[in-house]
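Subject: Handing over a structure, with notes

Dear colleague,

I am passing on the structure below, and I would be glad if you could look it over with the notes that come after it.

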Amino acid sequence: MSYCFQLQLQAITRHFPFPRFSHYKNSSSFSCAKDYLEMEDTKEASELLVADPVLLDKKIDAIRLAGPQKLQVIADFDATLTKFWVNGIRGQSSHGLLQQCNPEYDAKRQQLYEYYYPLEFSPTIGLEEKTKLMEEWWGKTHGLLVEGGLTYESIRKSVADSNIAFREGVVELFEFLEERDIPVLIFSAGLADIIEEVLRSKLHSSFKNVRIVSNRMVFDDDGRLVSFKGKLIHSLNKNEHALDMAAPVHEQLGDMNGQTDDNTSFKKRTNVLLLGDHIGDLGMSNGLNYETRISVGFLNNNIENSFSCYREAFDVVLVNDAPMWGVIKLVSQMCSSGS
């Protein structure tokens, strides 16, 4: 990171500190953006940037006045709910952790990753061209999974052996939302079956308010992958038009508290907290006629080159693979009963 960019970042964080949620026993007493702007600087403050605090304050007020019954959370999975760095190395994605127990096909998928991944985040490739490239990448990868004879048992073993972990505070965020009956839609360009297995094995808990919209596999009676359900979801076309693919979602995680709302109920919740690590994640709410949306962007890597774009695109930007405490603080303000 260049010296000039460090100075720019420090200047912004001095003006926009954001305290850690756990520092305050009574979160409702800090109910507006202006409240946390006056708080002392902390490590979490240096990781969280607000470009327009006045606008954010207005959005928080609007969502709080409408009440939690009008709010939903839409979240990306890889590098948003999960960490970008795990044990000092790049954490795996729900696609990347998968091992087919077939070295030839694992190598072919790795070659695709090495070619397409830099193109996904290239700032010089236009959206239309990049979308076509992502369709190519996902289509070829799914084809290799079927051709290579992936089994469900391979998924279980891959997750058990994986280098993937959730951000600190994800469980607390889900618990906070579940207590208030606020639904969470996890939109992912990855694989729903793997995401469910990660949730089971890493969180050791199920949440009745969480549903997944992602690429879902079809297995035969022998547990071998034969096809994929529905439309292809890649990193640039995730949105609520794909909501029908969420049914039934989460049943394999063992919803012990009865049925969840059907998918039409999500469209009645017209206030959105959106979490993503990619500019394309902002499109996840495109299928919803929302009234107010607060977007949080996780800028995990290549910060100097991408900072300006993220600051313009998202209401709040979390840098340096930050934990989820700032998001919990934000959603607690949105659900506060204080004036």
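The notes below go from the whole chain to the sheet, then to one helix and a few single residues.

This is a predicted model, in which local features need pLDDT of at least 70 and side-chain atom pairs count only at pLDDT 80 or more, while totals for chains, interfaces and linings use all residues. Residues are numbered from 1 along each chain as its sequence is written, and side-chain values use heavy atoms, with hydrogens and water left out.

The secondary structure of the chain comes to 12 helices and 10 strands, where helices (H or I, at least four residues) and strands (E, at least two) are DSSP runs numbered from the N terminus. Of the 339 residues, 56% count as buried; here buried means under 20% relative accessible area, exposed means over 50%, and partly exposed lies in between, with a 1.4 Å probe and protein chains only. Among contacts (heavy atoms within 4.5 Å), those between residues 24 or more positions apart account for 74% of the contacts in the chain with a separation of 6 or more.

An open sheet is formed by 8 strands in the order β1-β10-β9-β8-β2-β5-β6-β7, with mixed pairing; two strands pair if DSSP finds at least two bridges between them. Because β1 (48-50) and β7 (225-229) stand at the edges with a single partner strand each, one side of each is left without a neighbour in the sheet. Neighbouring strands of this sheet are turned by 20 degrees against each other on average, direction ignored, with axes being lines fitted to C-alpha atoms (for helices over the stretch in contact) and angles running from 0 to 180 degrees between N-to-C directions. Within the sheet, β2 (residues 71-76) and β8 (residues 271-276) run parallel and are joined by 5 bridges, and V73 stands opposite L273 in β8.

Helix α4 (residues 53-66) packs on this sheet, touching β1, β2, β8, β9 (292-299) and β10 (316-319), and its direction makes about 125 degrees with that of β9. Its 14 residues reach 20 Å from the first C-alpha to the last, close to the 20 Å expected at 1.5 Å a residue, the expected span being 1.5 Å times one less than the number of residues. In α4, the residues P53, L56, D57, K59, I60, I63 and R64 are buried. They cover an arc of only 165 degrees around the axis, which puts them on the same side of α4; the arc is that of the directions from the helix axis to the C-beta atoms. The face turned away from that buried side carries the exposed residues V54, K58 and L65, and just after α4, G67 takes a positive phi of about 95 degrees.

N300 is in the loop between β9 and α11 (303-313) and is buried, with a relative accessible area of 7%. Not counting residues up to four places away in sequence, N300 touches A79, F84, W85, R167, D277 and D321. S336 is in the segment after α12 (325-334), and at 7% relative accessibility S336 counts as buried. S336 and L65 are 271 residues apart in sequence, yet 9.1 Å apart in space, C-alpha to C-alpha.
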